[in-house]
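I opened a new notebook page for this one. I start with a single residue, then step back to the whole.

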Amino acid sequence: MKIYVDRDKCQGSGECVKVCPHRALQLIDGKAVVDHDRCDLDGLCIPACPHDAINIVEEA
Ligand code: SF4
């Protein structure tokens, strides 16, 4: 499993960056990007996103 950011939905609000306790999210060029080495899959960023751009998905 991993956190997936839909770049088409992401508006760069940064709400996910604020709630992540592991500093696994940052905005790069106005889009949220996940550092999968830092992410512990707690899922806090999913409801934090006002644009429904973040989900947990199966590893490809
Ligand atoms: S699932 Fe948790 S640790 Fe991972 S990016 Fe989201 S808020 Fe951060």
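Is Asp29 buried or exposed? I keep in mind that this is a predicted model. I counted C-beta neighbours inside 10 Å of Asp29 and got 7, so Asp29 counts as exposed; the cut-off for exposed is 12 or fewer. I then looked up where Asp29 sits: in the loop between strand 2 (25–28) and strand 3 (31–34). Asp29 is not a glycine, yet its phi is positive, about 55°.

Next I checked Leu41. Its phi is also a positive value, near 60°, in a residue other than glycine. I found Leu41 in the loop between strand 3 and helix 2 (45–48). Leu41 has 12 other C-beta atoms within 10 Å and is exposed.

Then I turned to the fold. I noted two helices and four strands in the protein. From the N terminus on, the order reads β-α-β-β-α-β. The radius of gyration is 10 Å, close to the 10 Å that the globule rule gives for 60 residues, so the protein is as compact as a globular protein of that length. The C-alpha trace spans about 25 × 25 × 20 Å along its principal axes. Buried residues make up 18% of the 60 residues. I also looked at contacts between residues at least 6 apart in sequence: 58% of them join residues at least 24 apart.

Definitions and conventions. Residues are numbered from 1 along each chain as its sequence is written. This is a predicted model: local features need pLDDT of at least 70, side-chain atom pairs count only at pLDDT 80 or more; totals for chains, interfaces and linings use all residues. The radius of gyration is taken over C-alpha atoms; the globule rule is 2.2 Å times the number of residues to the power 0.38. A residue is buried if 20 or more other C-beta atoms lie within 10 Å of its own, exposed if 12 or fewer, and partly exposed in between; C-beta atoms are placed from the backbone. Two residues are in contact if their C-beta atoms, placed from the backbone, lie within 7 Å.
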